[in-house]
Amino acid sequence: MFDNLSDKLDKALHNLKGHGKITEINVAETMKEVRRALLDADVNFKIAKEFTNTVREKALGQNVLTNLKPGQLMVKIVKDELTELMGGDAAELNLTGNPSVILMSGLQGSGKTTFSGKLANFLLKKKTKKPLLVACDVYRPAAIDQLHIVGEQIGVEVYSDRGNTNPVAIAKDGIKKAKELGCNVVIIDTAGRLAVDEQMMDEISNIHKAIEPQETLFVVDSMTGQDAVNTAKAFNDVLNFDGVILTKLDGDTRGGAAISIKSVVNKPIKFIGTGEKMEAIDVFYPSRMADRILGMGDVVSLVERA
Amino acid sequence: EKSKESFFGKLGKAVAGKSKVDDDVLDNLEEVLVTSDVGVNTTLKIIERIEERVARDKYMGTDELNGILREEIAGLLSETHVGEEQEFSIPTDKKPYVIMVVGVNGVGKTTTIGKLAHQFKNQGLKVVLGAGDTFRAAAIDQLQVWAERVDVPIIKQKMGSDPASVAFDTLNSAVADNADIVLIDTAGRLHNKINLMNELSKVKRVMQKVVPDAPHEVLLVLDGSTGQNAFEQAKQFTKATEVTSLAVTKLDGTAKGGVVIGISDQFQIPVKYIGVGEGIEDLQVFNKFEFVDSFFKI
Ligand SMILES: Nc1nc2c(ncn2[C@@H]2O[C@H](COP(=O)(O)OP(=O)(O)OP(=O)(O)O)[C@@H](O)[C@H]2O)c(=O)[nH]1
Ligand SMILES: Nc1nc2c(ncn2[C@@H]2O[C@H](COP(=O)(O)OP(=O)(O)OP(=O)(O)O)[C@@H](O)[C@H]2O)c(=O)[nH]1
Ligand SMILES: [Mg+2]
Ligand SMILES: [Mg+2]
């Protein structure tokens with residue numbers, strides 16, 4: 001039931017074998033399969049459609065100029081185009097402020113609090129920074145305790161104010177506290193919120209305006225389906241965020257949402273989460289992600305078989 | 001009113017300017033179903049059935065499409081006999097009735113337990129919570145807050161202790177107190193992690209030392225905004241723990257929850273509850289008739 005893309009491509013490319021030439025007719029059949037496979041990987045419907053159109057054009061255009069077999073050519077184009085879409089160079093965090101302020105945002109349960117801890121740990125141990133974690137989720141039961149425990153685990157100070165129900169004020173106080181403590185990075189954890197919840201979106205917009213963070217990060221669960229584009233767009237409209245964090249990639253999701261988000265907001269994916277532990281953070285590599293969406297595929301061998 | 005576009009609204013656009021169901025309309029319909037997270041397989045199944053009807057009847061007007069789709073979707077739901085319950089209820093012949101709640105990370109297990117406890121308590125039932133997530137930071141404190149909100153007892157140990165031992169204690173306490181319902185929270189775990197999946201089997205086995213046929217229900221919680229991975233989650237958790245019912249959460253955020261249709265179509269496990277918010281009352285018994293109605297409401 002969960003066919004991977006390389007298998008599907010392979011099947012689709014059967015039609016091309018022996019033709020020696022990509023024609024409008026056989027490319028159309030193939031692209032239908034590619035599109036369905038992308039949908040299976042949770043790539044957004046519209047984006048999958050655009051993607052296959054681009055690939056179709058490239059395929060038809062290049063055909064005359066190359067002596068690769070049509071199947072090989074098609075696989076190469078799909079893979080290149082996918083990497084390009086996800087693309088660009090690895091994007092670093094902007095840590096120029098003093099202190100540098102990093103604001104987390106995202107849906108409920110996407111992994112913001114966990115990632116806040118991972119990032120603090122990464123900056124402390126790999127970048128010799130002195131981070132402060134700030135607990136601005138005043139809603140979720142025990143959210144503040146969760147951040148305190150995370151802070152303890154990694155040896156990073158946590159600022160919270162349990163009597164205070166105003167996240168804007170807590171965020172500002174947190175930055176003040178960082179200056180007092182001589183911390184050079186402040187990571188602000190916020191409550192999960194739905195993009196359609198206007199009141200909560202206003203709240204994070206107010207936090208954003210009040211603290212003017214150097215980095216606003218949108219944390220998204222890599223298992224997210226078709227709605228990923230709407231959510232990312234809505235958060236981006238309000239926050240104009242600087243980067244995306246893709247979590248829970250230690251699962252077996254193909255993570256097509258990554259392409260969707262990248263193409264709809266055109267912001268770099270900066271880090272990925274690969275586990276629940278504080279060390280499970282990694283930088284993002286577009287070509288690895290393309291391989292994953294293509295079904296963990298050994299694309300090279302696919303080309304050879306085609 | 002929330003700004004998300006309803007299924008019905010999308011459907012209107014899909015047939016705009018068309019009088020007859022043709023390839024274009026079917027293409028648009030595919031888009032509507034897929035973007036509502038119905039799932040690729042179920043979408044194709046629905047499209048194929050409509051194609052068959054068009055082929056058989058030679059002609060189908062777009063004005064008929066709404067009614068036919070409704071029929072098809074209701075049909076998919078009834079094939080699995082899901083969602084005929086009207087209210088929160090449990091069998092009365094098992095005491096305590098033990099529900100173990102499982103699922104991947106962050107889907108809403110703990111919150112759903114809080115909401116369920118509230119519903120059952122309101123019915124005058126005696127509820128006990130077991131803090132079986134001993135791994136995630138402050139998971140125990142989170143359940144504790146819910147226990148206080150609902151005002152029901154919670155059995156817990158320290159963070160890092162053995163979840164099976166917590167479940168064991170919880171069942172012992174429930175039996176001693178003559179409780180009606182036990183809700184066991186578990187840590188979120190990805191279904192591809194074999195050790196963690198095996199841990200669930202161990203929790204089950206240890207519970208059976210106290211109540212031989214426990215757990216009576218294994219409730220798998222799925223996040224309504226999950227894409228195709230939801231199907232793999234349902235499959236793997238079922239394999240490891242014999243899931244008996246599903247709860248689909250966060251449906252307040254997605255466009256009408258097409259995932260419920262896909263899940264009902266692909267699995268023989270009933271969707272029992274839907275989560276529609278973070279508040280204590282934001283859990284509903286899944287009713288397929290109401291669901292189909294709401295799916296087609298403007
Ligand atoms: N397997 C895995 N689990 C993760 C990862 N990141 C976070 N989690 C888990 O996902 C669940 C939710 O993470 P949180 O950090 O609490 O998410 P959140 O966005 O802060 O949630 P809210 O504050 O409720 O909105 C927890 O069980 C985490 O341990 C990851 O990369 N891999
Ligand atoms: N909007 C909305 N949020 C929900 C719903 N159910 C749960 N949540 C939120 O989702 C987040 C995660 O919920 P939890 O109950 O902690 O999820 P969990 O499955 O226990 O998470 P782990 O134990 O970390 O695996 C919290 O912020 C909840 O408030 C729902 O139906 N709608
Ligand atoms: Mg959090
Ligand atoms: Mg939990």
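Visitor: Which residues in α2(B) meet α3(B)?
Guide: This is a predicted model, and in it Leu26(B), Leu29(B), Glu30(B), Leu33(B) and Val34(B) are the ones in α2(B). Across from them in α3(B) are Thr43(B), Leu44(B), Ile46(B), Ile47(B), Ile50(B) and Glu51(B).

Visitor: How do the residues of that contact of α2(B) with α3(B) divide into nonpolar, polar and charged?
Guide: Eight are nonpolar, one is polar and two are charged.

Visitor: At what angle do the axes of those two helices cross?
Guide: Roughly 150°, with the axes of α2(B), residues 23-35, and α3(B), residues 40-57, coming within 9 Å. Angles over 145 degrees count as roughly antiparallel, so that is how α2(B) and α3(B) run relative to each other.

Visitor: Is the crossing of α2(B) and α3(B) left-handed or right-handed?
Guide: Right-handed.

Visitor: Over to chain A, then. Where do the axes of α7(A) and α8(A) stand, and how do they cross?
Guide: They come within 9 Å and cross at roughly 30°, α7(A) being residues 167-181 and α8(A) residues 198-211. That makes the two helices roughly parallel, and α7(A) passes α8(A) in a right-handed crossing.

Visitor: Which residues make the contact?
Guide: From α7(A), Pro167(A), Val168(A), Ala171(A), Lys172(A) and Ile175(A); from α8(A), Glu203(A), Asn206(A), Ile207(A), Ala210(A) and Ile211(A). By class, seven are nonpolar, one is polar and two are charged.

Visitor: What is the mean pLDDT of chain A?
Guide: The mean is 87, and 83% of the residues of chain A reach 70 or more.

Visitor: Where is the pLDDT below 50?
Guide: Over residues 298-306 of chain A, a stretch with 16 contacts in the model beyond near neighbours in sequence. Where pLDDT is low, the predicted coordinates should not be read in detail.

Notes. Residues are numbered from 1 along each chain as its sequence is written. Chains are lettered from A and ligands numbered from 1 in the order in which they are written. This is a predicted model: local features need pLDDT of at least 70, side-chain atom pairs count only at pLDDT 80 or more; totals for chains, interfaces and linings use all residues. Side-chain values use heavy atoms; hydrogens and water are left out. Axes are lines fitted to C-alpha atoms, for helices over the stretch in contact, and angles run from 0 to 180 degrees between N-to-C directions. Helices (H or I, at least four residues) and strands (E, at least two) are DSSP runs, numbered from the N terminus. Angles under 35 degrees count as roughly parallel, over 145 as roughly antiparallel, 65 to 115 as roughly perpendicular and the rest as oblique. A crossing is left-handed if the near helix is turned anticlockwise from the far one by less than a right angle, and right-handed if clockwise. Contact means heavy atoms within 4.5 Å. Ala, Val, Leu, Ile, Met, Phe, Trp, Tyr, Cys and Pro count as nonpolar, Asp, Glu, Lys and Arg as charged, and the others, Gly among them, as polar. pLDDT is the predictor's confidence in each residue, from 0 to 100.
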